[in-house]
Amino acid sequence: MTDRTTTPPNPAGTIELDHLMPGADLLRAGTLQLAIGFPEEVVKAWMRAGRSPNAWLIPDRRTHDGVVQWALEFPLYFALFIRGSFARGEKLAVLVSERDWPDVCEYLRLTLLGLTRDELRAAGVAPAVGEMLAQEGDYLALKHADGRIAQVTDFLEPHLFDADGVVELGGLRVRRHGDNTYSFFTADDRLEEYRLEVDGAQVPPYARPLPQASAPMLAQPFEVVTLGTTNGFDPGGPCANTLVQANGRFLLVDCGPYIRTLLGHAGVSLNQLSALVLTHAHEDHAVGLSALLSLAHRITLFCSRENAEVMRRKLALLNPEVKSPATLLDDAFDLVYVEPGQTYDFLGLELRFHYTMHSIPCTGVELSMRDGDTVRKVLLVGDNNSRANIEKAANAGVMSQSRLDELLALYAWRGDLVVFDGGAGLIHGMPADFGQNGSTQVVCVHTGTLKAEEQHLYTLAEPGHRYTIVAEHARPTPLERGLGHKALCDAYPEASVDWITAVLDAASPVSVNRGHVVVRHQDRSADVFVILAGELMVLVERDGKPHPVATLQAGEIFGEMAAVNDAPRSASVRALTPARLLRVPGELFRRFARQANLTAALPDLWRKRADLDRVPMLAEASVTTRSLLARHAVRRTIEPGATLIREGSASSTVFVLIAGRVQVYKGSEPLLVAGAPVIVEPATLIGETAPFLKAARNASIVAIDACEVLAIRGADFKRIVQRSPQLFCAISQIVKQRSAA
């Protein structure tokens, strides 16, 4: 193949701009189709609109609200395989800043080619395993005519913005203003200071609406739910990702695009997740990892060493604004390195991993659970090549006989359920691969359709399909009782086991539909609810209109204020998803609160939590996190002129300013910014970086007025924040900014 770069001819006429989806536009000028913005699954928006970009403009933002804005992998595949640029020896023009260009190349290198042999060794991969993965990756990689493996720079040609923020491409002149704002000029037209909007909800661009869960997700001992079932080039629906229930807790297998949306449509909140299995680092299976940074608690991440290293680097590239991008994966998740053939436990569910044959390293997983005298088993094959291609590779000497036997054994595996890759093409399987498998249920994913002649032979999974392997009774289950027990213990650690048992004995399960108003503002009902599954919204009435003030997640409790105070409801609570609740009679809860000495303590806790709610950074944290902070907060009054924090002090206490104002001093003089003194108003966190910086205070804080504050010991604040990736990431950005100042 001869390398050559084709630049579109000079565009003539007007500039036209197509808005394809939130965060993604396409500019057309003559023959130039310039893609602007690359949120997750943007290729599906291109395909739906019938567009075929022949150049890219790399945006400033890399992520936004958990949605990756640099989801560049499938746009590159689109150019290579749909447009056929590589086969024609063409490069794709990329308009990019000099600073971002190396990161673009590294991001795509990791996702397209994976780690080098040296990088595999450095990641701790066993030498024999690393060589096996490298050989198979080399075999499947795109190559030049002379056999050389193609690199990212063989596909893309950078057009760098100059010192004035200007770049030209084929008669189009682009000026970069920053903050995703650009001006475009041709000889005949101009579009000035156009801003690529990524604010607000970013929704997937599927042609078919996602199925809405019509009932709450009931706790089951062992159940598999297919959240998405197709691939990155099917505009019809979401990519293949799977949810597994194990004794009422949720294990997510792969975390692809718009994972929060997929979970919501299944009736499961993001914060119900307890663990994640990541099979490999392709975007259709892993780009949603950024969304999990908004979790209110840490979860276990089961991942092979090489895939963990790739995702560690990709997360760092996508989140350069945090304090320590290189350790973000380790800071946000409890990482468990998995080895093929070894067994790992998740709440009574055994996980056993295997390597498939894919363009980059990929692991599938066998799930098993004992049900009486029987062991129930599920095989999630993972992305895998077709049987014919595997045998062809073996004949070419790419793999050993033992490796071939391992792969062929997947087709002969028998159990209760097989979920396999039927995506076809050069690196995916075929429906016929498992045509003779003798398992109870065999279903195909990674494709949105089956051929007409295959539809009576093979089962095609759909989003929301549920496969219950070990079922619990239809009536309220012991597992639901256990989840309720944990929620009550977490919320009321002072309460005795006997009283919590009494509360659960009187509780009744309730299923509610999406949109159902569980409690209504000013209602005199007093029942208390424990959320077992789903997500709900708290709304307060202001000026006759409802205003959302908090989101309630599984494991949290609401309604206790009306029960304890014997007062009308102060807010309404509406189900955002189908939800499963435990209803506790208000009178019983009132007696429970008295016996546990909560009658006085709870109102004080609620007042402190209400104070914390007014702090913007804390308002987005979960109710559980805010309650933990409130439990450790001590209310103090500060006299005018008193020093709250003294410069040079080793104290790490964090303060929430509730009332009054304070001023910042450096030495004996007020700190000035742009000539004005720095005065802090109420509803502000003060000193929140101290527990993380391990340094003496760099300024003094002095009360101007009589002030009221909540004081939280630094060690307590740090411990609680570190259990909430959402809050940790927000504070780590501030830590980094202040460390650099």
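A charge is taken to sit over a ring if NZ of Lys or CZ of Arg is within 6 Å of the ring centre and within 35 degrees of the ring normal. In this predicted model, Arg305 meets that description, lying over the face of Tyr337 at 4.3 Å from the ring centre. Lys314 likewise lies over a ring face, that of Tyr107, with 4.8 Å to the ring centre.

From charges over rings we turn to rings beside rings. A pair of aromatic rings is described by the distance of the centres and the angle of the planes. The count of aromatic pairs in the model comes to 17. One of them joins Trp46 and Phe78, whose centres are 5.4 Å apart and whose planes stand at 75 degrees, over the 60 degrees required, so the pair is edge-to-face.

A second pair, between Phe529 and Phe558, is stacked, with 5.1 Å from centre to centre and 15 degrees between the planes. Here too distant parts of the chain are linked, but through strands: Phe529 lies in strand S29 (residues 528-533) and Phe558 in strand S32 (residues 557-558), 29 residues apart. Phe529 has a relative accessible area of 2%, which is under the 20% limit, and therefore counts as buried. Phe558, at 5% relative accessibility, is buried as well.

Terms used: Residues are numbered from 1 along each chain as its sequence is written. This is a predicted model: local features need pLDDT of at least 70, side-chain atom pairs count only at pLDDT 80 or more; totals for chains, interfaces and linings use all residues. Side-chain values use heavy atoms; hydrogens and water are left out. Rings of Phe, Tyr and Trp (its six-membered ring) pair if their centres lie within 6.5 Å; planes under 30 degrees apart count as stacked, over 60 as edge-to-face and the rest as tilted. Helices (H or I, at least four residues) and strands (E, at least two) are DSSP runs, numbered from the N terminus. Buried means under 20% relative accessible area, exposed over 50%, partly exposed in between (1.4 Å probe, protein chains only).
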